[in-house]
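Please read them with the structure open.

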Amino acid sequence: MVHLPDGYSIAIFDSIDSTNEEARRHAATARDRTVYWAKRQTAGRGRRGRAWMSEPGNLFVSLLLKPDCPLAQAAQLSFVSALVVSDVLLKAGAGDRVALKWPNDVLVDGAKICGILLEATSTGARVEAVVVGIGLNIASHPDDTPYPATDFRHAGLEDVDADQALTWLLEAFELRYAAWRDRGFQAVRADWLVRAYRLGQDIQVRLDGETVTGRFAELDETGALVVETVAGTRHITAGDVYFHGTA
Amino acid sequence: MGKFTVDKALIRELAALLDETGLTEIEVEDNDVRIRVARGGTVVHAAAPAAPAAQAATGSAPAAAAPAGDVVHGHPGLVTSPMVGTVYTSAEPGVPPFVRVGDKVTAGQTLLIIEAMKTMNPVTAPKVGTVTRILISNEQPVEYGEPLLIIE
């Protein structure tokens, strides 16, 4: 049984193509904070059309939000969402094994435990809706990924089911979402940095036709990754981050 | 690269024009010198003929190759980027682009996706029309206000 915070409504499916697709189909008419939860997905997907393994026992949920903000600010919900998932992991006993990798990967012992895909719909430069899709590995994780992956059971976290994880997730989401709407990105940035993976260490960021190497200095006030390179400081908004010797 | 002298007066004049018109960028070309003045303190000199920086759409979409110095800024059908990010011309790799030059589009139709911080943001058509120019290529980084395409 899922417990919903005030102001939330939920649609539950035994099986669906993709919760993000379902949320997008209702983007124009659904209210802010409508939740789409499926026990399994037949066409779960990640970024740029990558498939997302959707075995029963894991959590597949999309939150439809109507934050009424410029498109450029909607991207900050990426950090909000990653923080929310880390809150759930802390509650499940992961402690300081939890870390966040820019912009929204959530790691336990350096392995990915969750996938987050945000898709906005817009009218001009204003956001109509933002769909936050979260896939959380609870009972299982794929073992054919190009990066290390894990799940609640494998990592020895508290033995919860998807219902319990979703209840915790929505509870944490409401707190973080409200703080972001009231105080903006500053409500997110400091907390994200506290949990940042390998802050201050050397990283590589692969961009379009270029690899930036330098020290991961901080997150700027817009959410861009700040890297200190020998040629100067770079503010990066898109790219894949790599650490020496890990994913 | 050939030697040329920097025309400071011209740059000042263009900068003033930038403020006056509210444009984000102006580019002019005179024989072998091209000068671009953009907001944010960037002044770029380039020896012409240089390939225009952001041309050629992906896949089989015919690229509308603009002559150097062609002014797209201020074009009434110009669609600019609402944010900093990376442009995708199709929904995912391996599928046809959202639009090609010559396509008719309706208001609200998705033209491109811009990704920032792993958030996918659609850029939609502001009006009914025909796509006459595509000014970016797939996976290209774009700045706020950068020209993306033209709908006439």
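Contact here means heavy atoms within 4.5 Å. The model is predicted.

1. **Confidence.** The model scores ipTM 0.88 and pTM 0.79. Chain B averages a pLDDT of 74, and 53% of its residues score at least 70. Strand 3 (residues 42-47) of chain B has the lowest mean pLDDT among them, at 36. Strand 6 of chain B has the highest, at 97.

2. **A stretch to treat with care.** Where does pLDDT stay under 50 in chain B? The stretch is residues 40-69 of chain B. The model still has 55 contacts beyond four places in sequence for these residues.

3. **A:Thr34.** Is A:Thr34 buried or exposed? A:Thr34 is buried, because its relative accessible area is 9% and the cut-off for buried is under 20%. This residue is found in strand 2 (residues 34-41) of chain A. The side chain of A:Thr34 reaches the backbone oxygen of A:Arg31 at 2.6 Å. Beyond its neighbours within four places in sequence, A:Thr34 is in contact with A:Ser9, A:Ser62, A:Leu63 and A:Leu64.

4. **Make-up of chain B.** The secondary structure of chain B comes to 1 helix and 11 strands. Of the 152 residues in chain B, 42% are buried. Take the contacts in chain B between residues at least 6 apart in sequence: 55% of them join residues at least 24 apart.

5. **An open sheet in chain B.** This sheet has 4 strands in the order 4-11-9-6, with antiparallel pairing. Its edge strands are strand 4 (78-80) and strand 6 (104-105) of chain B, and each pairs on one side only. Strand 4 of chain B is joined to strand 11 (residues 147-151) of chain B by 3 bridges, and the two run antiparallel. B:Leu78 has B:Ile150 in strand 11 of chain B as its bridge partner.

6. **The hairpin of strands 7 and 8 in chain B.** Strand 7 (residues 110-116) of chain B pairs with strand 8 of chain B in the antiparallel sense, over 6 bridges. B:Ala116 is the bridge partner of B:Thr119 in strand 8 of chain B. The two strands form a hairpin with 2 residues between them. In the turn, B:Met117 has a positive phi of about 50°.

7. **Strand 8 of chain B is covered.** How many of the residues of strand 8 (residues 119-124) of chain B are buried? The count is 6 of 6. B:Thr119, B:Asn121 and B:Val123 point one way from this strand, while B:Met120, B:Pro122 and B:Thr124 point the other way. Residues on both faces are buried.

8. **Pairing across the chains.** Strand 8 of chain B also pairs with strand 6 of chain A, in the parallel sense and over 2 bridges. A:Glu119 stands opposite B:Met120 in strand 8 of chain B. As background, strands of a sheet pair through backbone hydrogen bonds, either parallel or antiparallel.

9. **Extent of the interface.** The contact takes 28 residues from chain A and 22 residues from chain B. About 2000 Å² is buried between the two chains, and carbon and sulfur atoms give 56% of that area. In chain A, A:Arg47, A:Arg48 and A:Thr237 lose the most area to chain B. Together they account for 34% of what that side buries.

10. A:Arg47 forms a salt bridge with B:Glu115, with the closest N and O atoms 2.5 Å apart. Helix 2 (71-74), helix 3 and strand 6 (111-123) of chain A each supply at least two residues of the side that touches chain B. Strand 6 of chain A gives the most to that side, with 6 residues.

Technical notes: Residues are numbered from 1 along each chain as its sequence is written. Chains are lettered from A and ligands numbered from 1 in the order in which they are written. This is a predicted model: local features need pLDDT of at least 70, side-chain atom pairs count only at pLDDT 80 or more; totals for chains, interfaces and linings use all residues. Side-chain values use heavy atoms; hydrogens and water are left out. Buried means under 20% relative accessible area, exposed over 50%, partly exposed in between (1.4 Å probe, protein chains only). A polar contact is a pair of N or O atoms within 3.5 Å; within protein, one must be able to donate a hydrogen and the other to accept it, and residues adjacent in sequence count only if both atoms are side-chain atoms. Two strands pair if DSSP finds at least two bridges between them. pLDDT is the predictor's confidence in each residue, from 0 to 100. Buried area is the accessible area (1.4 Å probe) that two parts lose on being put together, summed over both. A salt bridge is a side-chain nitrogen of Lys or Arg within 4 Å of a carboxyl oxygen of Asp or Glu.
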